[in-house]
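Take a look at the sequence and the structure, then read on.

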Amino acid sequence: MADNKYTFGMIGLGTMGRNLLLNMVDHDFSGAGYDKDTAKIGLLEKEGVGKPVKGFPELKDFISSLQKPRALMMLVPAGKIVDSVIEDLLPLMEEGDIIIDGGNSHFTDTNRRVEYLNSKKLHFFGMGISGGEEGARNGPSMMPGGDKEAYQHVKNIFEAIAAKVDDEPCVTYIGPGASGHFVKMVHNGIEYGLMQLIAETYGIMQKGLKMDDASIQKTFAKWNDGRLKSYLLDITKDIFAFKEEGKDMLLVNDIKDEARAKGTGKWTSQVAMDLELPVPTIDTAVSMRDLSKYKALRVELSELYDEQLPLMAENSEEFLDSLEQAFYFNMIITYTQGMHLLYKASKDYQYELNLAAIASIWRGGCIIRSEFLNIITKAYDQNPGMELLLLDETVQGLVKETERAIRKVVAAAIGSGVAIPAYGSCLNYFETFRTKNMPSNLIQAQRDYFGAHTYELIGKEGVFHTEWQAIPSHKTNN
(Lines give C-alpha, C1' and ligand atoms only; values in the text may rest on other atoms or scores of the structure.)
Protein backbone atom coordinates (compact mmCIF):
# COMPACT_ATOMS: atom_id res chain seq x y z
CA MET A 1 0.00 0.00 0.00
CA ALA A 2 1.26 3.46 -0.93
CA ASP A 3 0.70 6.10 1.77
CA ASN A 4 -1.81 3.77 3.39
CA LYS A 5 -3.98 4.01 0.26
CA TYR A 6 -5.54 0.99 -1.46
CA THR A 7 -4.73 0.04 -5.06
CA PHE A 8 -8.23 -0.90 -6.19
CA GLY A 9 -11.79 -0.41 -5.00
CA MET A 10 -14.86 -2.64 -5.28
CA ILE A 11 -18.45 -1.38 -4.95
CA GLY A 12 -20.76 -4.29 -4.18
CA LEU A 13 -19.43 -7.03 -1.91
CA GLY A 14 -21.76 -9.83 -2.91
CA THR A 15 -20.37 -13.16 -4.04
CA MET A 16 -18.68 -11.87 -7.21
CA GLY A 17 -17.39 -8.56 -5.86
CA ARG A 18 -16.01 -9.99 -2.65
CA ASN A 19 -14.27 -12.90 -4.35
CA LEU A 20 -12.75 -10.74 -7.10
CA LEU A 21 -11.37 -8.35 -4.49
CA LEU A 22 -9.92 -11.24 -2.45
CA ASN A 23 -8.41 -12.61 -5.68
CA MET A 24 -6.66 -9.27 -6.21
CA VAL A 25 -5.37 -9.26 -2.65
CA ASP A 26 -3.99 -12.78 -3.15
CA HIS A 27 -1.97 -11.36 -6.06
CA ASP A 28 -0.36 -8.61 -3.95
CA PHE A 29 -2.75 -5.76 -4.75
CA SER A 30 -4.36 -3.99 -1.81
CA GLY A 31 -8.13 -3.63 -1.97
CA ALA A 32 -10.93 -1.55 -0.49
CA GLY A 33 -14.57 -2.58 -0.60
CA TYR A 34 -17.82 -0.70 -0.17
CA ASP A 35 -21.28 -2.03 0.60
CA LYS A 36 -24.28 -0.71 2.49
CA ASP A 37 -24.69 -4.18 4.02
CA THR A 38 -22.33 -4.35 7.00
CA ALA A 39 -22.66 -8.15 7.08
CA LYS A 40 -21.01 -8.33 3.66
CA ILE A 41 -18.24 -6.04 4.88
CA GLY A 42 -17.70 -8.33 7.84
CA LEU A 43 -17.51 -11.37 5.56
CA LEU A 44 -14.91 -9.65 3.36
CA GLU A 45 -12.69 -8.84 6.31
CA LYS A 46 -13.14 -12.28 7.86
CA GLU A 47 -12.10 -14.04 4.64
CA GLY A 48 -9.30 -11.52 4.07
CA VAL A 49 -7.92 -11.51 7.61
CA GLY A 50 -4.22 -10.69 7.70
CA LYS A 51 -4.30 -9.31 4.16
CA PRO A 52 -4.35 -5.71 2.87
CA VAL A 53 -8.11 -5.46 2.41
CA LYS A 54 -10.70 -3.33 4.19
CA GLY A 55 -14.44 -2.78 3.90
CA PHE A 56 -16.20 0.56 4.25
CA PRO A 57 -19.88 1.29 5.03
CA GLU A 58 -19.56 4.94 3.92
CA LEU A 59 -18.94 5.80 0.26
CA LYS A 60 -16.92 8.96 1.04
CA ASP A 61 -14.50 7.08 3.28
CA PHE A 62 -14.17 4.34 0.66
CA ILE A 63 -13.27 6.81 -2.09
CA SER A 64 -10.80 8.63 0.16
CA SER A 65 -9.00 5.35 0.86
CA LEU A 66 -7.98 4.79 -2.78
CA GLN A 67 -4.74 5.73 -4.52
CA LYS A 68 -4.97 8.42 -7.20
CA PRO A 69 -5.97 8.21 -9.96
CA ARG A 70 -8.64 6.14 -8.27
CA ALA A 71 -9.64 2.88 -9.94
CA LEU A 72 -12.81 1.14 -8.84
CA MET A 73 -15.27 -1.43 -10.13
CA MET A 74 -19.01 -1.64 -9.65
CA LEU A 75 -20.45 -5.13 -9.27
CA VAL A 76 -24.10 -4.30 -8.70
CA PRO A 77 -27.29 -5.42 -10.49
CA ALA A 78 -27.59 -4.12 -14.05
CA GLY A 79 -29.98 -1.29 -14.84
CA LYS A 80 -31.00 1.74 -12.81
CA ILE A 81 -28.84 0.75 -9.83
CA VAL A 82 -25.68 1.25 -11.92
CA ASP A 83 -26.81 4.78 -12.85
CA SER A 84 -27.67 5.49 -9.23
CA VAL A 85 -24.22 4.43 -8.01
CA ILE A 86 -22.57 6.55 -10.70
CA GLU A 87 -24.53 9.62 -9.57
CA ASP A 88 -23.45 8.97 -5.96
CA LEU A 89 -19.81 8.72 -7.09
CA LEU A 90 -19.65 11.87 -9.22
CA PRO A 91 -19.32 14.44 -6.38
CA LEU A 92 -16.55 12.37 -4.79
CA MET A 93 -14.33 11.63 -7.78
CA GLU A 94 -11.79 13.74 -9.66
CA GLU A 95 -10.74 14.19 -13.26
CA GLY A 96 -8.84 11.14 -14.49
CA ASP A 97 -10.36 8.67 -12.03
CA ILE A 98 -11.53 5.31 -13.44
CA ILE A 99 -14.93 3.65 -13.06
CA ILE A 100 -15.46 0.09 -14.32
CA ASP A 101 -18.84 -1.59 -14.69
CA GLY A 102 -18.22 -5.30 -14.12
CA GLY A 103 -21.88 -6.32 -14.15
CA ASN A 104 -24.03 -7.72 -16.95
CA SER A 105 -25.17 -4.35 -18.26
CA HIS A 106 -26.92 -4.08 -21.62
CA PHE A 107 -24.41 -2.76 -24.12
CA THR A 108 -26.64 0.17 -25.11
CA ASP A 109 -26.61 1.36 -21.48
CA THR A 110 -22.82 1.14 -21.54
CA ASN A 111 -22.71 3.28 -24.70
CA ARG A 112 -24.72 5.95 -22.92
CA ARG A 113 -22.56 5.85 -19.80
CA VAL A 114 -19.35 6.09 -21.83
CA GLU A 115 -20.52 9.40 -23.31
CA TYR A 116 -21.89 10.70 -20.02
CA LEU A 117 -18.77 10.02 -17.94
CA ASN A 118 -16.51 11.28 -20.68
CA SER A 119 -18.33 14.61 -20.40
CA LYS A 120 -17.46 14.54 -16.69
CA LYS A 121 -13.77 13.93 -17.55
CA LEU A 122 -13.85 10.50 -15.91
CA HIS A 123 -12.57 7.29 -17.50
CA PHE A 124 -15.12 4.52 -17.85
CA PHE A 125 -15.30 1.09 -19.39
CA GLY A 126 -17.57 -1.93 -19.23
CA MET A 127 -16.13 -5.35 -18.56
CA GLY A 128 -17.89 -8.69 -18.93
CA ILE A 129 -16.82 -11.25 -16.33
CA SER A 130 -17.49 -14.98 -16.57
CA GLY A 131 -16.77 -17.84 -14.22
CA GLY A 132 -19.17 -17.44 -11.34
CA GLU A 133 -18.06 -17.62 -7.73
CA GLU A 134 -15.25 -20.08 -8.41
CA GLY A 135 -13.90 -18.04 -11.31
CA ALA A 136 -14.02 -14.78 -9.39
CA ARG A 137 -11.99 -16.26 -6.54
CA ASN A 138 -9.51 -18.36 -8.51
CA GLY A 139 -9.40 -16.85 -11.99
CA PRO A 140 -12.22 -15.62 -14.24
CA SER A 141 -12.38 -14.83 -17.94
CA MET A 142 -12.74 -11.07 -18.41
CA MET A 143 -13.82 -8.99 -21.40
CA PRO A 144 -12.96 -5.29 -20.94
CA GLY A 145 -14.03 -2.87 -23.66
CA GLY A 146 -14.15 0.89 -23.96
CA ASP A 147 -11.59 3.42 -22.69
CA LYS A 148 -8.26 1.86 -23.70
CA GLU A 149 -6.19 4.32 -21.68
CA ALA A 150 -8.11 3.41 -18.55
CA TYR A 151 -7.70 -0.30 -19.22
CA GLN A 152 -3.94 0.08 -19.58
CA HIS A 153 -3.86 1.58 -16.08
CA VAL A 154 -5.39 -1.55 -14.51
CA LYS A 155 -4.24 -4.14 -17.06
CA ASN A 156 -1.62 -5.63 -14.73
CA ILE A 157 -4.26 -6.25 -12.05
CA PHE A 158 -6.66 -8.06 -14.38
CA GLU A 159 -3.93 -10.12 -16.05
CA ALA A 160 -2.74 -11.22 -12.61
CA ILE A 161 -6.15 -12.37 -11.38
CA ALA A 162 -7.43 -13.91 -14.64
CA ALA A 163 -7.56 -17.63 -15.34
CA LYS A 164 -4.48 -18.88 -17.21
CA VAL A 165 -4.34 -21.24 -20.21
CA ASP A 166 -0.89 -22.12 -21.57
CA ASP A 167 0.42 -19.42 -19.19
CA GLU A 168 -1.67 -16.80 -21.03
CA PRO A 169 -4.21 -14.73 -19.02
CA CYS A 170 -7.85 -15.09 -20.04
CA VAL A 171 -8.35 -11.38 -20.41
CA THR A 172 -7.72 -9.04 -23.33
CA TYR A 173 -8.76 -5.57 -24.41
CA ILE A 174 -11.85 -6.26 -26.53
CA GLY A 175 -12.37 -2.98 -28.37
CA PRO A 176 -13.98 0.46 -28.21
CA GLY A 177 -17.32 1.55 -26.78
CA ALA A 178 -19.51 -1.14 -25.29
CA SER A 179 -17.71 -4.02 -27.02
CA GLY A 180 -16.77 -5.71 -23.74
CA HIS A 181 -20.35 -5.96 -22.58
CA PHE A 182 -21.49 -6.94 -26.07
CA VAL A 183 -19.04 -9.86 -26.19
CA LYS A 184 -20.12 -10.99 -22.71
CA MET A 185 -23.76 -10.86 -23.83
CA VAL A 186 -22.99 -13.14 -26.79
CA HIS A 187 -20.97 -15.40 -24.47
CA ASN A 188 -24.11 -15.76 -22.36
CA GLY A 189 -26.22 -16.46 -25.46
CA ILE A 190 -23.88 -19.32 -26.38
CA GLU A 191 -24.17 -20.48 -22.77
CA TYR A 192 -27.97 -20.60 -23.08
CA GLY A 193 -27.69 -22.68 -26.25
CA LEU A 194 -25.22 -25.18 -24.79
CA MET A 195 -27.25 -25.60 -21.61
CA GLN A 196 -30.42 -26.30 -23.60
CA LEU A 197 -28.57 -28.86 -25.72
CA ILE A 198 -27.28 -30.64 -22.61
CA ALA A 199 -30.79 -30.65 -21.14
CA GLU A 200 -32.19 -32.15 -24.36
CA THR A 201 -29.42 -34.76 -24.34
CA TYR A 202 -30.48 -35.67 -20.81
CA GLY A 203 -34.07 -35.92 -22.07
CA ILE A 204 -33.02 -38.25 -24.87
CA MET A 205 -31.16 -40.50 -22.43
CA GLN A 206 -33.91 -40.52 -19.81
CA LYS A 207 -37.05 -40.66 -21.98
CA GLY A 208 -35.83 -41.97 -25.30
CA LEU A 209 -33.31 -44.56 -24.13
CA LYS A 210 -34.85 -45.25 -20.68
CA MET A 211 -31.46 -44.85 -18.98
CA ASP A 212 -31.23 -44.60 -15.20
CA ASP A 213 -29.47 -41.74 -13.40
CA ALA A 214 -26.27 -43.71 -12.79
CA SER A 215 -25.94 -44.56 -16.49
CA ILE A 216 -26.60 -40.95 -17.45
CA GLN A 217 -23.91 -39.78 -15.03
CA LYS A 218 -21.45 -42.33 -16.37
CA THR A 219 -22.10 -41.21 -19.94
CA PHE A 220 -21.61 -37.51 -19.20
CA ALA A 221 -18.43 -38.31 -17.29
CA LYS A 222 -17.11 -40.38 -20.19
CA TRP A 223 -17.87 -37.64 -22.69
CA ASN A 224 -16.17 -35.06 -20.49
CA ASP A 225 -12.97 -37.10 -20.65
CA GLY A 226 -12.90 -36.78 -24.43
CA ARG A 227 -13.35 -34.17 -27.12
CA LEU A 228 -16.55 -32.85 -25.51
CA LYS A 229 -14.63 -31.78 -22.40
CA SER A 230 -16.13 -28.56 -21.10
CA TYR A 231 -17.09 -26.79 -17.91
CA LEU A 232 -20.80 -27.33 -18.48
CA LEU A 233 -20.44 -31.08 -19.01
CA ASP A 234 -18.11 -31.26 -16.02
CA ILE A 235 -20.69 -29.75 -13.67
CA THR A 236 -23.45 -31.86 -15.27
CA LYS A 237 -21.71 -35.13 -14.42
CA ASP A 238 -21.28 -33.80 -10.85
CA ILE A 239 -24.98 -32.89 -10.63
CA PHE A 240 -25.91 -36.46 -11.59
CA ALA A 241 -23.84 -37.77 -8.68
CA PHE A 242 -25.09 -35.39 -5.98
CA LYS A 243 -27.42 -36.50 -3.19
CA GLU A 244 -28.24 -34.50 -0.10
CA GLU A 245 -27.16 -36.09 3.16
CA GLY A 246 -29.60 -38.78 4.27
CA LYS A 247 -31.45 -38.93 0.94
CA ASP A 248 -31.49 -41.68 -1.68
CA MET A 249 -32.73 -39.53 -4.55
CA LEU A 250 -30.53 -37.22 -6.60
CA LEU A 251 -31.16 -33.58 -5.78
CA VAL A 252 -31.67 -32.79 -9.47
CA ASN A 253 -34.77 -35.00 -9.45
CA ASP A 254 -36.30 -32.85 -6.69
CA ILE A 255 -35.78 -29.58 -8.58
CA LYS A 256 -38.75 -28.06 -10.42
CA ASP A 257 -38.50 -28.21 -14.21
CA GLU A 258 -39.10 -24.46 -14.57
CA ALA A 259 -35.98 -22.67 -15.83
CA ARG A 260 -35.30 -19.04 -14.92
CA ALA A 261 -33.24 -16.41 -16.72
CA LYS A 262 -31.72 -12.98 -16.10
CA GLY A 263 -32.24 -11.74 -19.64
CA THR A 264 -28.84 -11.88 -21.36
CA GLY A 265 -29.89 -14.73 -23.64
CA LYS A 266 -32.95 -12.74 -24.69
CA TRP A 267 -30.76 -9.70 -25.34
CA THR A 268 -28.58 -11.80 -27.64
CA SER A 269 -31.60 -12.90 -29.65
CA GLN A 270 -32.97 -9.37 -29.83
CA VAL A 271 -29.68 -7.88 -31.05
CA ALA A 272 -29.21 -10.69 -33.58
CA MET A 273 -32.64 -9.87 -35.01
CA ASP A 274 -31.72 -6.18 -35.16
CA LEU A 275 -28.56 -7.10 -37.07
CA GLU A 276 -30.55 -9.52 -39.29
CA LEU A 277 -28.31 -12.45 -38.41
CA PRO A 278 -29.67 -15.91 -37.46
CA VAL A 279 -28.88 -17.47 -34.07
CA PRO A 280 -31.74 -20.02 -33.96
CA THR A 281 -30.22 -22.26 -31.29
CA ILE A 282 -29.93 -19.34 -28.88
CA ASP A 283 -33.45 -18.20 -29.82
CA THR A 284 -34.75 -21.71 -29.12
CA ALA A 285 -32.97 -21.91 -25.78
CA VAL A 286 -34.58 -18.65 -24.67
CA SER A 287 -38.01 -19.84 -25.83
CA MET A 288 -37.69 -23.18 -24.03
CA ARG A 289 -36.90 -21.47 -20.74
CA ASP A 290 -40.06 -19.44 -21.23
CA LEU A 291 -42.11 -22.50 -22.17
CA SER A 292 -40.86 -24.39 -19.12
CA LYS A 293 -42.57 -21.86 -16.85
CA TYR A 294 -46.02 -22.93 -18.07
CA LYS A 295 -45.99 -25.98 -15.85
CA ALA A 296 -49.75 -26.15 -15.23
CA LEU A 297 -50.50 -26.08 -18.95
CA ARG A 298 -47.84 -28.71 -19.62
CA VAL A 299 -49.38 -31.00 -17.02
CA GLU A 300 -52.83 -30.50 -18.47
CA LEU A 301 -51.67 -31.21 -22.03
CA SER A 302 -49.72 -34.28 -20.94
CA GLU A 303 -53.03 -35.73 -19.75
CA LEU A 304 -54.84 -34.82 -22.97
CA TYR A 305 -52.14 -36.14 -25.29
CA ASP A 306 -50.46 -39.50 -24.72
CA GLU A 307 -46.95 -38.97 -23.35
CA GLN A 308 -45.96 -42.65 -23.46
CA LEU A 309 -42.81 -42.56 -25.55
CA PRO A 310 -41.49 -45.60 -27.43
CA LEU A 311 -37.83 -46.56 -27.11
CA MET A 312 -35.60 -44.59 -29.49
CA ALA A 313 -33.10 -47.42 -30.05
CA GLU A 314 -32.80 -51.09 -29.14
CA ASN A 315 -29.00 -50.91 -28.87
CA SER A 316 -28.45 -48.00 -26.51
CA GLU A 317 -24.64 -48.35 -26.48
CA GLU A 318 -24.46 -48.01 -30.24
CA PHE A 319 -26.94 -45.15 -30.17
CA LEU A 320 -24.91 -43.35 -27.48
CA ASP A 321 -21.98 -43.23 -29.90
CA SER A 322 -24.25 -41.46 -32.39
CA LEU A 323 -25.54 -39.19 -29.62
CA GLU A 324 -21.99 -38.15 -28.70
CA GLN A 325 -21.30 -37.26 -32.33
CA ALA A 326 -24.61 -35.42 -32.59
CA PHE A 327 -23.85 -33.37 -29.50
CA TYR A 328 -20.43 -32.48 -30.90
CA PHE A 329 -22.11 -31.34 -34.13
CA ASN A 330 -24.53 -29.20 -32.10
CA MET A 331 -21.70 -27.68 -30.08
CA ILE A 332 -19.92 -26.67 -33.29
CA ILE A 333 -23.09 -25.07 -34.65
CA THR A 334 -23.83 -23.18 -31.42
CA TYR A 335 -20.38 -21.62 -31.22
CA THR A 336 -20.61 -20.89 -34.95
CA GLN A 337 -23.77 -18.83 -34.44
CA GLY A 338 -22.21 -16.84 -31.59
CA MET A 339 -18.97 -16.13 -33.45
CA HIS A 340 -20.92 -15.08 -36.56
CA LEU A 341 -22.87 -12.59 -34.46
CA LEU A 342 -19.60 -11.16 -33.14
CA TYR A 343 -18.29 -10.88 -36.69
CA LYS A 344 -21.41 -8.98 -37.81
CA ALA A 345 -21.48 -6.69 -34.76
CA SER A 346 -17.80 -5.90 -35.22
CA LYS A 347 -18.54 -4.67 -38.74
CA ASP A 348 -21.75 -2.79 -37.94
CA TYR A 349 -20.63 -1.23 -34.64
CA GLN A 350 -16.95 -0.72 -35.61
CA TYR A 351 -15.75 -2.81 -32.67
CA GLU A 352 -12.73 -4.22 -34.57
CA LEU A 353 -13.04 -7.49 -32.66
CA ASN A 354 -10.23 -10.02 -32.68
CA LEU A 355 -12.24 -13.25 -32.80
CA ALA A 356 -9.18 -15.44 -32.18
CA ALA A 357 -8.35 -13.49 -29.02
CA ILE A 358 -11.94 -13.70 -27.80
CA ALA A 359 -12.08 -17.47 -28.34
CA SER A 360 -8.72 -17.76 -26.60
CA ILE A 361 -9.80 -15.96 -23.41
CA TRP A 362 -12.92 -18.12 -23.28
CA ARG A 363 -10.75 -21.25 -22.98
CA GLY A 364 -10.30 -20.78 -19.24
CA GLY A 365 -12.22 -19.41 -16.28
CA CYS A 366 -15.55 -18.92 -18.05
CA ILE A 367 -18.78 -20.90 -18.16
CA ILE A 368 -18.53 -21.84 -21.87
CA ARG A 369 -14.91 -23.00 -21.74
CA SER A 370 -14.34 -26.19 -23.71
CA GLU A 371 -11.73 -28.11 -25.66
CA PHE A 372 -13.42 -27.03 -28.89
CA LEU A 373 -12.43 -23.40 -28.24
CA ASN A 374 -8.84 -24.39 -29.05
CA ILE A 375 -10.01 -25.29 -32.56
CA ILE A 376 -11.94 -22.01 -32.85
CA THR A 377 -8.91 -20.01 -31.71
CA LYS A 378 -6.67 -21.68 -34.26
CA ALA A 379 -9.24 -21.21 -37.03
CA TYR A 380 -9.44 -17.45 -36.53
CA ASP A 381 -5.69 -17.17 -35.97
CA GLN A 382 -5.16 -18.67 -39.40
CA ASN A 383 -7.94 -16.64 -41.03
CA PRO A 384 -8.77 -13.49 -39.00
CA GLY A 385 -11.25 -12.21 -41.58
CA MET A 386 -13.27 -15.44 -41.81
CA GLU A 387 -16.98 -14.66 -41.67
CA LEU A 388 -18.35 -18.06 -40.66
CA LEU A 389 -16.63 -20.78 -38.66
CA LEU A 390 -18.07 -23.47 -40.95
CA LEU A 391 -15.69 -22.23 -43.67
CA ASP A 392 -12.65 -23.45 -41.72
CA GLU A 393 -11.10 -26.62 -43.13
CA THR A 394 -10.72 -28.38 -39.77
CA VAL A 395 -14.29 -27.53 -38.79
CA GLN A 396 -15.52 -28.77 -42.16
CA GLY A 397 -13.98 -32.15 -41.42
CA LEU A 398 -15.61 -32.33 -37.99
CA VAL A 399 -19.03 -31.39 -39.36
CA LYS A 400 -18.83 -33.93 -42.18
CA GLU A 401 -17.77 -36.56 -39.65
CA THR A 402 -20.79 -35.93 -37.40
CA GLU A 403 -23.61 -34.79 -39.71
CA ARG A 404 -24.92 -38.32 -40.33
CA ALA A 405 -25.19 -38.86 -36.57
CA ILE A 406 -27.18 -35.67 -35.94
CA ARG A 407 -29.69 -36.66 -38.61
CA LYS A 408 -29.99 -40.13 -37.09
CA VAL A 409 -30.59 -38.78 -33.59
CA VAL A 410 -33.07 -36.09 -34.69
CA ALA A 411 -35.03 -38.59 -36.80
CA ALA A 412 -35.15 -41.09 -33.94
CA ALA A 413 -36.26 -38.45 -31.45
CA ILE A 414 -39.01 -37.20 -33.73
CA GLY A 415 -40.17 -40.77 -34.33
CA SER A 416 -40.33 -41.40 -30.59
CA GLY A 417 -41.93 -38.10 -29.61
CA VAL A 418 -38.96 -36.81 -27.59
CA ALA A 419 -38.73 -33.00 -27.66
CA ILE A 420 -35.43 -31.79 -29.14
CA PRO A 421 -36.00 -28.18 -30.28
CA ALA A 422 -32.36 -27.09 -29.98
CA TYR A 423 -31.05 -30.26 -31.68
CA GLY A 424 -33.47 -29.59 -34.53
CA SER A 425 -32.51 -25.92 -34.78
CA CYS A 426 -28.80 -26.79 -35.07
CA LEU A 427 -29.44 -29.29 -37.84
CA ASN A 428 -31.82 -27.00 -39.74
CA TYR A 429 -29.41 -24.06 -39.42
CA PHE A 430 -26.71 -26.18 -41.05
CA GLU A 431 -28.98 -27.68 -43.70
CA THR A 432 -30.24 -24.23 -44.68
CA PHE A 433 -26.85 -22.51 -44.70
CA ARG A 434 -25.42 -25.17 -47.01
CA THR A 435 -28.39 -24.79 -49.39
CA LYS A 436 -27.39 -22.99 -52.60
CA ASN A 437 -30.97 -22.15 -53.61
CA MET A 438 -33.47 -21.56 -50.81
CA PRO A 439 -37.23 -21.43 -51.48
CA SER A 440 -37.17 -17.78 -50.38
CA ASN A 441 -37.92 -16.71 -53.96
CA LEU A 442 -41.51 -17.75 -53.27
CA ILE A 443 -41.63 -15.50 -50.21
CA GLN A 444 -40.49 -12.56 -52.31
CA ALA A 445 -43.19 -13.33 -54.90
CA GLN A 446 -45.83 -13.51 -52.16
CA ARG A 447 -44.65 -10.21 -50.65
CA ASP A 448 -44.85 -8.55 -54.02
CA TYR A 449 -48.28 -10.06 -54.71
CA PHE A 450 -49.96 -8.81 -51.53
CA GLY A 451 -47.90 -5.72 -50.75
CA ALA A 452 -46.07 -4.57 -53.89
CA HIS A 453 -42.78 -4.96 -52.00
CA THR A 454 -40.89 -5.69 -55.27
CA TYR A 455 -38.29 -8.36 -55.98
CA GLU A 456 -34.96 -8.82 -57.73
CA LEU A 457 -34.29 -11.13 -60.68
CA ILE A 458 -31.46 -13.57 -61.26
CA GLY A 459 -28.87 -12.10 -63.62
CA LYS A 460 -30.70 -8.80 -64.12
CA GLU A 461 -30.05 -5.48 -62.36
CA GLY A 462 -32.78 -3.49 -60.65
CA VAL A 463 -35.96 -4.16 -58.66
CA PHE A 464 -39.24 -5.28 -60.15
CA HIS A 465 -42.95 -5.42 -59.41
CA THR A 466 -45.69 -7.49 -61.04
CA GLU A 467 -49.45 -6.94 -61.06
CA TRP A 468 -50.05 -10.57 -60.15
CA GLN A 469 -53.85 -10.40 -60.05
CA ALA A 470 -53.92 -9.08 -63.61
CA ILE A 471 -52.42 -12.32 -64.88
CA PRO A 472 -55.25 -14.60 -66.11
CA SER A 473 -55.54 -17.93 -64.32
CA HIS A 474 -54.91 -21.07 -66.32
CA LYS A 475 -57.76 -23.35 -65.37
CA THR A 476 -58.29 -26.83 -66.67
CA ASN A 477 -61.79 -27.47 -68.00
CA ASN A 478 -63.21 -30.81 -66.94
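## Starting from Thr-281

Not counting residues up to four places away in sequence, Thr-281 touches Gly-193, Leu-197, Thr-334, Gln-337, Ala-422, Ser-425 and Cys-426, where a touch, or contact, means heavy atoms within 4.5 Å. Thr-281 itself is found in helix 12 (residues 280–292). Helices here are DSSP runs of H or I with at least four residues, strands are runs of E with at least two, and both are numbered from the N terminus. Thr-281 counts as buried because its relative accessibility is 0%; buried means under 20% relative accessible area, exposed over 50%, and partly exposed in between (1.4 Å probe, protein chains only). With Ser-425, one of its contacts, Thr-281 also makes a side-chain polar contact of 3.1 Å. A polar contact is a pair of N or O atoms within 3.5 Å; within protein, one must be able to donate a hydrogen and the other to accept it, and residues adjacent in sequence count only if both atoms are side-chain atoms.

Before going further, a word on where this comes from: it's a predicted model, so local features need pLDDT of at least 70, side-chain atom pairs count only at pLDDT 80 or more, and totals for chains, interfaces and linings use all residues. Residues are numbered from 1 along each chain as its sequence is written, and side-chain values use heavy atoms, with hydrogens and water left out.

## The whole protein

Stepping back, the protein has 19 helices and eleven strands. Its C-alpha atoms fill a box of roughly 100 × 65 × 45 Å along the principal axes. Of the 478 residues, 49% are buried. Take the contacts between residues at least 6 apart in sequence: 69% of them join residues at least 24 apart.

## Nonpolar cores

A nonpolar core is a set of buried Ala, Val, Leu, Ile, Met, Phe, Trp, Tyr and Cys residues joined through side-chain atoms within 4.5 Å. The largest one has 90 residues, and Phe-182, Leu-342, Trp-362, Phe-372 and Tyr-423 have the most contacts inside it. Helix 14 gives the most to this core, with 16 residues. Apart from it lies another core, of 31 residues, including Phe-29, Ile-41, Ala-71 and Tyr-151.

## Two cavities

Rolling a probe the size of a water molecule over the atoms shows where empty space is left. On a 1 Å grid over the protein atoms alone, a cavity is a set of points where a 1.4 Å probe fits but cannot get out, and lining residues have an atom within 4 Å of a point. Grid points are joined across faces, edges and corners, and a volume is the space filled by probe spheres set on the points. The search of the whole structure finds two cavities of 30 Å³ or more.

| Cavity | Volume | Lining residues by type |
|---|---|---|
| Largest | about 60 Å³ | eight nonpolar, two polar, one charged |

Among the residues lining the largest cavity are Leu-194, Phe-327, Tyr-335 and Arg-369. Helix 14 (316–349) and helix 8 each supply at least two residues of that lining, and the largest share, three residues, comes from helix 14. For the second largest cavity, the lining is Asn-104, Ser-105, His-181, Lys-184, Met-185, Thr-264 and Trp-267.

Val-171 sits in the loop between strand 9 (168–169) and helix 8 (179–208), and it counts as buried because its relative accessibility is 6%. Ile-420, in the loop between helix 17 (393–416) and helix 18 (421–433), is buried too, with a relative accessible area of 8%. Finally, Thr-466 is in the segment after strand 11 (460–464), and a polar contact of 2.5 Å joins its side chain to that of Tyr-455.

Note on methods. On a 1 Å grid over the protein atoms alone, a cavity is a set of points where a 1.4 Å probe fits but cannot get out, and a pocket is an open set with protein on both sides within 12 Å along at least five of seven lines; lining residues have an atom within 4 Å of a point. Ala, Val, Leu, Ile, Met, Phe, Trp, Tyr, Cys and Pro count as nonpolar, Asp, Glu, Lys and Arg as charged, and the others, Gly among them, as polar.
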